[in-house]
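Here is a short report on one protein chain. Sequence and structure come first, then the notes.

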Amino acid sequence: MPFRKPIFAAALVLAGSIPAAAEVVGKVGVDWVGNDIVIEAVTDPQVKGVTCHVTYFDRSIIDRLSKGNWFEDPSNNSIACRQTGPIEIGDIDLSEEGEEVFREGMSLIWKKLVVNRIYDKANDTLIYLVHSRQVVEGSAKMAISTVPLFDQPVTWTNGKPR
């Protein structure tokens, strides 16, 4: 079991619920010490019919013991989002910053894996950004995925923005 999962569960109790839930759908071993690449399916709670697959590196206990930095995983993340059913868009944040739709602890307290959704009105596209949030120095490692809405049957529960 990855080190951060029990911490993440405890953080949920303290901080309330997170915006979206993730389900592990794959795990690939990358070396003999037990390091893995984990693939999670994340559904957007305000956009039905879109699923994002997020990958991250999960360090093994052997790697943690041999290299130190016990409490942290690297910030190497990837994301791919696709339409997986009829799209229904609820009350989403239409600002330039968009909104956080998922977060997961990547260290004891300092680092989080975050997925933000931004609506690109001019191109009628949903943009999903995965990045790491760190208290000190941030992280420049990021990835994006887009879901074009143009010419798609999309239901906007509050009406399409003009």
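## Isoleucine 79 and its contacts

Isoleucine 79 is in contact with Cys52, His53, Val54, Val115, Tyr128, Val130, Ala143, Ile144 and Ser145, leaving aside its neighbours within four places in sequence. Contact means heavy atoms within 4.5 Å. This is a predicted model, in which local features need pLDDT of at least 70, side-chain atom pairs count only at pLDDT 80 or more, and totals for chains, interfaces and linings use all residues. Residues are numbered from 1 along each chain as its sequence is written, and side-chain values use heavy atoms, with hydrogens and water left out.

## The nonpolar core

Which residues touch the most other members of the largest nonpolar core? They are Ile79, Leu126 and Tyr128, in a core of 24 residues. Strand 2 (36–43), strand 3, strand 4 (77–89), strand 5 (99–105), strand 6, strand 7 and strand 8 each give two or more residues to this core. Strand 3 gives the most, with five residues.

Such a core is a set of buried Ala, Val, Leu, Ile, Met, Phe, Trp, Tyr and Cys residues joined through side-chain atoms within 4.5 Å. Buried means under 20% relative accessible area, exposed over 50%, and partly exposed in between (1.4 Å probe, protein chains only). Strands (E, at least two residues) and helices (H or I, at least four) are DSSP runs, numbered from the N terminus.

Cysteine 52 lies in strand 3 (residues 47–58). It counts as buried because its relative accessibility is 3%. Its C-alpha atom is separated by 6.6 Å from that of isoleucine 79, 27 residues apart along the chain. Not counting residues up to four places away in sequence, cysteine 52 touches Glu40, Ala41, Val42, Ile79, Ala80, Cys81 and Tyr128.

Histidine 53 is also placed in strand 3. Is histidine 53 buried, exposed or partly exposed? Its relative accessible area is 35%, so it is partly exposed. Beyond four places in sequence, the contacts of histidine 53 are Val25, Ile39, Glu40, Ala41, Ser78, Ile79 and Ala80.

## Positive phi in two loops

Aspartate 124 has phi near 50°, a positive value in a residue other than glycine. It sits in the loop between strand 6 (111–120) and strand 7 (125–134). Its relative accessibility is 11%, so aspartate 124 counts as buried.

For aspartate 151, phi is near 60°, again positive in a residue other than glycine. This residue belongs to the loop between strand 8 (142–148) and strand 9 (154–156). At 67% relative accessibility, aspartate 151 counts as exposed.

## A surface patch

Val28, Val30 and Ile37 form a nonpolar patch on the surface. Together they have about 210 Å² of accessible area, from the Shrake-Rupley method with a 1.4 Å probe; for residues, only the protein chains shown count as cover. Valine 28 is in strand 1 (residues 22–29). It is partly exposed, at 44% relative accessible area.

Patch residues have over 30% relative accessible area and no salt bridge; like charges are joined within 9 Å, and nonpolar side chains (Val, Leu, Ile, Met, Phe, Trp, Tyr) within 5 Å. A salt bridge is a side-chain nitrogen of Lys or Arg within 4 Å of a carboxyl oxygen of Asp or Glu.

## Whole chain

The protein has two helices and nine strands. From the N terminus, the order is α-β-β-β-α-β-β-β-β-β-β. Of its 162 residues, 41% are buried.
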